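Thanks for coming, everyone. Let me put the model on the screen, and then I'll walk you through it.

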Amino acid sequence: MKHFTKLVLGAALGAALAGATPAFADLKMGVAAEPYPPFTSKDASGKWVGWEIDFMNALCADIGEKCAVEEVAWDGIIPALQAKKFDAILSSMSITEERQKTIAFSNMYYNSLPVLIGPKGADKDISPAHLKGKNVGVQVSTIHAAYAKKYFEPAGAVIKTYETQDQVNADLAAGRLDYILADGVTLDDFLKSDQGGCCEQKGAVPYDEAIFGVGVGLGIRKEDTALQAKFNKGIADLAANGTFAKITEQWKLTGKLKLPGAK
Amino acid sequence: MRWEWLPDYLPALAEGLLITLEVLVVSVVAGFALAIPLALAQVKGGYLARKLAGAYCSYIRGTPLLMQLYLLYYGIGSLFPLIPGARENLMWLIRLDAIYYVILAFTLSFAGYEAEIMRGAFLSVPGGELEAAEAMGMSPGLVLRRIWFPSAFLKVLPTLTGEVIGQLKSTPLAFTVPVQDLMGVAHKVMQDTYRIYEPLLFVALVYLALTYVIVQAFGRLERLVPQRRSV
């Protein structure tokens, strides 16, 4: 309650100073600075666009906040949240138990299945035993890295960790990797590119909820419970009024995402 | 401060340290060996050799090491599959581990910097000494081996200490291509455990210790050779 009282006081003071407009301060959303299409990426003019940006705008309109994107490096995104550089992580961050030790999450707002991708033409066997001796690329500290470590490494696969997904993709195209394990939706976009022409989707790996979690949520500081409740209400509203389905349709992702409220 | 992650990650940190040392030692030794002909080319070479060696040093010293590493790994390295038949016959070349690219980039970089320093050192050796050696009937190779190089090397020794330390501190760039050096492992600890200061503090101490060892080793090397000193 202490924080809440402060917040109310602060808002009242702010309103008094600003005149008659009782507006909260802008909510800053931390977005990883690397492109992650079709969820978050920059268009030619440098503006952030994507499914997640549209979701952010709809959500903020629903809860009556003014939101702005704050760019941040993915690998420091949780410490930056803790350091109050912004108010929420909006960066396709999966809700995991490990992360929940440090931060809190809103309810899930989407989930997609991790898939293995490899060169065209080869077989489509994705059992761990088949990956023995093969190079599998993942981005560091993602659920894909955790999955590869748990299932592929004991089976004898060589796991290569990279800082960004772009680097993983580049090394798959260069033939340095046999497979990459990553988010199905994002890699769809890579496969359509020139560079990704080499390769094809081999299939979704068996689901492990302990690693993949329930889905992607907005990461927030543990003490911001009021904000969490607001986000959850907004997500429920958007699910009820069909906004999620609309945005998903616009980005041609229908059928590829698990959305809140879906059975 | 929480250190309970340390036992779990000690083996990985030790492996990372080995990779850091491997990159440092190989690139310093090979880079210095490469620097000598590059310096000689600039001092004694013909027009073309002088210009080429000079251009090389300007490129190395004028561009960031990170860019040079990317150019090798993501640039040249990713062109190999375009060689006809490479995917069948040259798989080892395509699959060449990233550490070789790191060592190559670091060696080329160190050579560029040291060539400039050695060029100055070669020029600073008094011409009379070299003429005297020649007058004694020494061949140019022997003059270089017995007089010119040792004399120049002693002059750069104090500078070299700093250069090697600088090279040590560049090694974390290895993590930008998939090589898990000491800093890379610390990075992984930070991402896995969300502890920030403890892993950084730990590797800071390791780097400090390595720097201390380098300073002591070069200090010993300097004292091995009796020199006329001003103080």
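**A strand inside chain A**

Let's start with β8(A). Four of the five residues of β8(A) are buried, so this strand is largely enclosed by the rest of the structure. Buried means that 20 or more other C-beta atoms lie within 10 Å of a residue's own; exposed means 12 or fewer, partly exposed is in between, and C-beta atoms are placed from the backbone. Strands are DSSP runs of E, at least two residues, and helices are runs of H or I, at least four residues, numbered from the N terminus.

A word on the source. This is a predicted model, where local features need pLDDT of at least 70, side-chain atom pairs count only at pLDDT 80 or more, and totals for chains, interfaces and linings use all residues. Residues are numbered from 1 along each chain as its sequence is written, while chains are lettered from A and ligands numbered from 1 in the order in which they are written.

Back to β8(A). It pairs with β9(A) in the parallel sense, over five bridges. Pairing here requires that DSSP finds at least two bridges between two strands. Take Gln139(A): its bridge partner in β9(A) is Tyr162(A).

**The sheet around it**

What is the order of the strands in the open sheet of five? It runs β9-β8-β10-β7-β11 in chain A, and the pairing is mixed. β9 (158–162) and β11 (199–204) of chain A stand at the edges; each has a single partner strand, so one side of each is left without a neighbour in the sheet. From one strand to the next, the twist averages 30°. Such angles run from 0 to 180 degrees between N-to-C directions, with axes as lines fitted to C-alpha atoms, for helices over the stretch in contact.

Now an antiparallel pair. Strand β7 (residues 114–119) and strand β10 (residues 179–183), both of chain A, pair that way over four bridges. Within it, Val115(A) has Ala182(A) of β10(A) as its bridge partner.

Two helices pack on this sheet. Helix α5 (residues 143–152) of chain A touches β7, β8 (135–139), β9 and β10 of chain A, and its direction makes about 150° with that of β8(A). Helix α6 (residues 165–173) of chain A touches β7, β8, β9, β10 and β11 of chain A, at about 160° to the direction of β8(A). Contact means that the C-beta atoms of two residues, placed from the backbone, lie within 7 Å.

**The rest of chain A**

Chain A has 10 helices and 12 strands. Of its 263 residues, 40% count as buried. Take its contacts with a separation of 6 or more: residues 24 or more positions apart account for 72% of them.

Look at helix α2 (residues 51–63) of chain A. Its 13 residues should span 18 Å at 1.5 Å a residue, and its end C-alpha atoms are 18 Å apart, which agrees. The expected span is 1.5 Å times one less than the number of residues. Which residues of α2(A) are buried? They are Trp51(A), Glu52(A), Ile53(A), Phe55(A), Met56(A), Leu59(A) and Ile63(A). They pack against β1 (27–32), β3 (48–49), β4 (67–72), α9 (225–240) and α10 (243–250) of chain A. After α2(A) comes Gly64(A), with a positive phi near 70°.

**Chain B**

Over to the partner. Chain B holds 10 helices and zero strands. Its C-alpha trace spans about 70 × 55 × 25 Å along its principal axes. Of its 231 residues, 31% are buried.

Helix α6 (residues 98–124) of chain B has 27 residues and reaches 39 Å from its first C-alpha to its last, close to the 39 Å expected. Of those 27 residues, 20 are buried, and α6(B) is mostly covered.

Gly219(B) lies in helix α10 (residues 197–224) of chain B. It counts as partly exposed, because it has 13 C-beta neighbours inside 10 Å. Its C-alpha is 9.0 Å from that of Leu157(B), 62 residues apart along the chain.

**Where the chains meet**

Last, the confidence. For the complex, the predictor gives an ipTM of 0.72 and a pTM of 0.70.
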